[in-house]
Amino acid sequence: MINSLQRIHWIAANTFLEAVRQKFFHALLLLSLALLGSSVFFQQFNFGSNELKFLTDFGFAAILFFGSILSIVLSTQLFFNELEDRTALTLLAKPVHKLEFLAGKFFGAYALMFCFTFALSLLLAVLLFWRETILISQLADGLADGRLIRYGDVFVFGLVQWLKFAVISAMTLFIGSFAQTNLFTIVVSFFALIICQLQYIAREAYVGIESSLARGILHLLGWIFPNFQIFNLGEQLVYPVEQPLALSTLAWLAAYAGSYSLAFLLLAQLNFRNREL
Amino acid sequence: MLLLLLGLARVMRPVEQRAQAALSAAQSDLALSQIEGTLGQGIILAVLGGFRTILADFSWIRLNAAWEQKAHGELDALIRLVTTLEPDSVYFWINSARMLAYDVPHWRIDAAGGASVLSATQQREIVEEQAQHAFALLARARQFHPLDSKLHLEVAQIYLIRLQDHAAAGEWFLQASQLPAAPYYAARRHADLLQLQGLNQQAYLFLKQLHQKLPDEDPYAQKNIVLERIQQLEASMQLPAGLR
């Protein structure tokens with residue numbers, strides 16, 4: 001067991017180093033940071049203290065959007081690079097189980113997603129602190145009660161999205177385990193992401209559908225695909241609200257994300273076991 | 001494979017429902033049917049995909065552009081869009097109501113030829129009509145924020161500034177003052193408006209009750225100002241010393 005964990009750790013560490021060197025990661029990270037930095041131009045609109053809300057929404061959308069793209073593309077590239085370069089053959093010739101290989105790939109990409117999410121959350125927190133300080137000095141009446149923002153919640157949002165990225169990465173690896181090309185994996189993964197994001201709407205809709213077959217299919221889709229809507233907690237965070245986010249909700253989300261990630265990895269292993277490399 | 005996912009979904013359903021319940025309790029429902037015509041299909045996907053608040057923010061920026069261009073029709077559509085996308089933001093409701101009540105009447109009067117062409121009665125009708133639009137918007141806002149005094153204060157200000165209706169404005173200031181975390185000035189304004197209507201006795205009794213409830217240590221309560229007004233009313237009504 002310990003040897004297995006060590007092998008997973010080595011593969012993950014190697015995957016992380018390889019991922020950090022990916023040009024796509026550099027480009028997307030720079031783009032995300034630049035886009036987030038450009039959000040300070042909201043001050044041109046003179047929205048007063050509401051500018052902070054704009055900044056927060058913009059930052060959260062950037063983490064959500066770019067993080068989702070990076071999860072899919074990175075997981076696909078890291079997996080298929082090993083297959084196309086035939087390094088997977090060399091690795092699996094050693095006493096490395098295919099599940100260890102997949103787990104190592106997953107954790108390596110996931111560690112990089114942590115760095116990405118943390119970097120964006122940190123920049124957002126810094127920008128919010130800077131703008132709030134300026135607005136407090138400019139709008140003495142509007143911000144008379146002091147700081148509005150709970151800075152810890154910015155990182156809580158990042159953490160919640162990072163949990164979602166685990167499911168996305170695992171789902172991508174599952175799709176990659178039976179796909180023949182990385183383009184197919186990326187495209188199908190994006191469609192799966194959209195289904196996961198919107199399936200809560202389908203569930204509400206199938207209640208009213210007359211056709212039992214259609215209702216059954218939608219019901220089935222709702223059970224197979226995880227519900228990503230439950231990770232959209234931005235409105236409960238950062239600003240004082242009547243019902244702040246409970247710690248138990250975070251725990252439930254972590255359990256939900258962990259379970260689906262594990263399930264997709266196990267399914268990937270089932271496919272990968274019989275795959276000819 | 002399918003069975004594994006179905007089994008996992010069955011096990012995880014209570015977890016998902018708890019998280020969904022926590023999310024639904026804190027966020028207002030999206031009444032998409034009200035704005036479907038305004039949105040393209042791509043936008044609908046983005047809204048449902050978790051980008052609702054950022055789309056509301058960008059729509060607000062578009063709304064400000066329409067406001068600068070005095071595009072009345074586009075303004076109305078964007079107000080509906082923004083307040084439907086993000087009904088939890090009081091800022092959008094209040095500023096939209098202000099545009100409708102304070103700015104649009106002048107646009108309409110200018111579009112009809114200006115104050116020199118329209119009679120005072122016609123101008124007054126336009127102002128009242130727009131004020132009613134603003135009241136309707138703020139009434140919808142109160143469905144989402146029933147205990148937010150800022151919405152009541154906004155109604156009061158429109159009655160006072162645009163319609164010069166002291167009685168109605170005073171009533172709304174009173175309602176605002178009774179809500180949690182209401183600003184202290186709401187109650188004082190109610191008393192001021194009672195005096196403007198010549199209801200000095202009512203204003204006097206109200207201020208006396210108010211003075212007893214105000215905290216001593218909070219400078220915003222302006223307890224000394226309230227006391228001064230009570231004393232002024234006592235002098236103007238020439239109340240005997242025993243009744244003061």
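Helices here are DSSP runs (H or I, at least four residues), numbered from the N terminus.

This is a predicted model: local features need pLDDT of at least 70, side-chain atom pairs count only at pLDDT 80 or more, and totals for chains, interfaces and linings use all residues. Residues are numbered from 1 along each chain as its sequence is written, while chains are lettered from A and ligands numbered from 1 in the order in which they are written.

Stay with α3(B). Its buried residues include B:Leu78, B:Val82 and B:Leu85. Buried means 20 or more other C-beta atoms within 10 Å of the residue's own, with C-beta atoms placed from the backbone.

Leaving aside neighbours within four places in sequence, B:Trp60 is in contact with B:Val82 and B:Phe92. Contact means C-beta atoms, placed from the backbone, within 7 Å. B:Trp60 lies in helix α2 (residues 41–68) of chain B. B:Trp60 counts as buried because 27 other C-beta atoms lie within 10 Å.

Now the partner chain. In chain A, 33 residues are in contact with 28 residues of chain B. Elements giving two or more residues to that side of chain A are α3 (51–84), α7 (182–206), α8 (212–224) and α9 (247–273). The largest share, 10 residues, comes from α9(A).

Methods: Two residues are in contact if their C-beta atoms, placed from the backbone, lie within 7 Å. A residue is buried if 20 or more other C-beta atoms lie within 10 Å of its own, exposed if 12 or fewer, and partly exposed in between; C-beta atoms are placed from the backbone.
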